[in-house]
Amino acid sequence: MGCCHSHLPKYSIPQHDNNDNVPLSPNHASNAATATATDVPAFSEFSLADLKTATNGFSSDHIVSESGEKAPNVVYKGRLQNHNRRWVAVKRFSKLAWPDPKQFADEAWGVGKLRHHRLANLIGYCCDGDERLLVAEYMPNDTLAKHLFHWENQTIQWNMRLRVALSIAEALEYCSNKGYPLYHDLNAYRVLFDENGDPRLSCFGLIKNSRDGKSYSTNLAYTPPEYLKNGRVTPESVIYSFGTVLLDLLSGKHIPPSHALDMIRGKNIRLLMDSHLEGNFSTEEATVVFDLASKCLQCEPRERPKTKHLVTTLSALQTKPDVPSYVMLGIPKHEEAPPTPQHPLSPMGDACSRMDLTALHQILFTTNYRDDEGSNELSFQEWTQQTRDMLEARKHGDLAFRDKDFRTSIECYSQFVDVGTMVSPTVYARRSLCYLFCDQPDAALRDAMQAQCVYPDWPTAFYMQAVALSKLNMNKDAADMLSEAAALEEKIQRGK
């Protein structure tokens, strides 16, 4: 299996580091401050068919909202077939949440006029029968809640928390100045991180969950006291909710305001601060945020500060404006993918471009071993017990693959590969997909490259490499590989 061909890609499987040596952008702060949302498409109406296609029929595999299917309204990740195949977030409201389509459309069109670099902007909507959907920019780097409460590699460093607080304040001030001072259920799940790690406020909170429904879906312990009395959201209510987010940023926990206020009254900053920061924060800066949270959480609404005061106070605390957000978050730098391939995408190419592993599984299972013909011819003399055992291992791997038992499938296919009497590009492609389902993109890429060694002009091998490269955040290489696979597939079709 040591063969190599001219098509073999010129890249190595990446070894991830901690980004300590990532170069800093000297103009990051000024760029962020003056950026506009010029690359956001104009607000428009989408058909239900468009959004079904984008989300693979509203597949559960595409659900990205933290609460999953239990949420009253579910958010899906999707990819539009037009609009340069843009990734989007699609919010699907529960049935009859907005009985009057005109009211829903009016709300959507109003919010759709807003455009700001601190917002995950609204780019469209859909009204079709009972269906009510919103379409917004997709933010690929999770929520503030995930980075604060459920982090795996590193907690958010102090200066990034200050940047998040300012970004939310700037978004709220912009919306308020544009006549949209009401934001429903502001919390850490509403704050998202874009491809560069910059914080954005979800536009979905600018529209209620239903025409007459509740504005708060979180625990009532976090809702403004006046909302508990009259059920109405006011601009002052939004400031109160902002105060609860400041508490999240200070403590790294979702603390009910009543508990936090006891600490605030006792001036016990150290007790409130997130222990995962390990003391790496400025006590003076923390005191300012601490005091600002206290003002936001005043029981009397008129005593709470205005959005302009929030921005002014938090702007003065930004001491590392030159450090890119992706460095502070510890995530890979975003690579700009090249344009969409010019060649039309087959069902497999489309599934790869959407990284739809479920669709890829169905295609590879249905295709079976059709493309392996001629890659192996065993003589009678080679038909040994070892060969029979090897084919039995492949058979068990195929059964596990059919049943989506991907770990067992990997074990069985590995037994087949390790014997070495036969080589099968399909086995490598299937094992590659199994590795992707098991979140092992490095191994998946190696298998896809081996499939290409066995069968140099096989589009499937290129497609599987494209998906593995996407999973490894090598987006430019992934797009190049997808384009090459589509061109190869088109060439084969023309030759038939």
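Two strands pair if DSSP finds at least two bridges between them. The legends below apply this rule to a predicted model.

**Figure 1. The open sheet of five strands in the predicted model.** The strands follow the order β1-β5-β6-β3-β2, and their pairing is mixed. Strands β1 (44-45) and β2 (74-79) stand at the edges; each has a single partner strand, so one side of each is left without a neighbour in the sheet. Strands of a sheet pair through backbone hydrogen bonds, in either a parallel or an antiparallel manner.

**Figure 2. Close-up of the pairing between β5 and β6.** Strand β5 comprises residues 122-128 and strand β6 residues 131-137. The two run antiparallel and are joined by six bridges. Among the residue pairs, L122 has A136 in β6 as its bridge partner, and C126 is partnered by L133, also in β6. The hairpin of β5 and β6 has two residues between the strands. In this hairpin, G129 takes a positive phi near 65°.

Figure 3. Residue E45 stands opposite Y125 in β5.

**Figure 4. Helix α3 and the covering of β5.** Helix α3, residues 101-112, lies across β1, β5 and β6. The helix runs at about 170° to β5. Strand β5 is mostly covered, with five of its seven residues buried; buried here denotes under 20% relative accessible area.

**Figure 5. The second largest cavity and its lining.** Rolling a probe the size of a water molecule over the atoms shows where empty space is left. In this model, the count comes to two cavities of 30 Å³ or more. The second largest cavity has a volume of about 40 Å³. Its lining consists of W158, R161, L162, A165, L246, L249, L250 and V289. The elements that give two or more residues to this lining are α5 (158-177) and α7 (235-251). Helix α5 provides the largest share, four residues.

**Figure 6. Residue classes in the lining of the second largest cavity.** By class, seven of the lining residues are nonpolar and one is charged. No polar residue takes part in the lining. Arg counts as charged, and R161 is among the residues that line the second largest cavity.

Technical notes: Residues are numbered from 1 along each chain as its sequence is written. This is a predicted model: local features need pLDDT of at least 70, side-chain atom pairs count only at pLDDT 80 or more; totals for chains, interfaces and linings use all residues. Side-chain values use heavy atoms; hydrogens and water are left out. Contact means heavy atoms within 4.5 Å. Axes are lines fitted to C-alpha atoms, for helices over the stretch in contact, and angles run from 0 to 180 degrees between N-to-C directions. On a 1 Å grid over the protein atoms alone, a cavity is a set of points where a 1.4 Å probe fits but cannot get out, and a pocket is an open set with protein on both sides within 12 Å along at least five of seven lines; lining residues have an atom within 4 Å of a point. Grid points are joined across faces, edges and corners, and a volume is the space filled by probe spheres set on the points. Buried means under 20% relative accessible area, exposed over 50%, partly exposed in between (1.4 Å probe, protein chains only).
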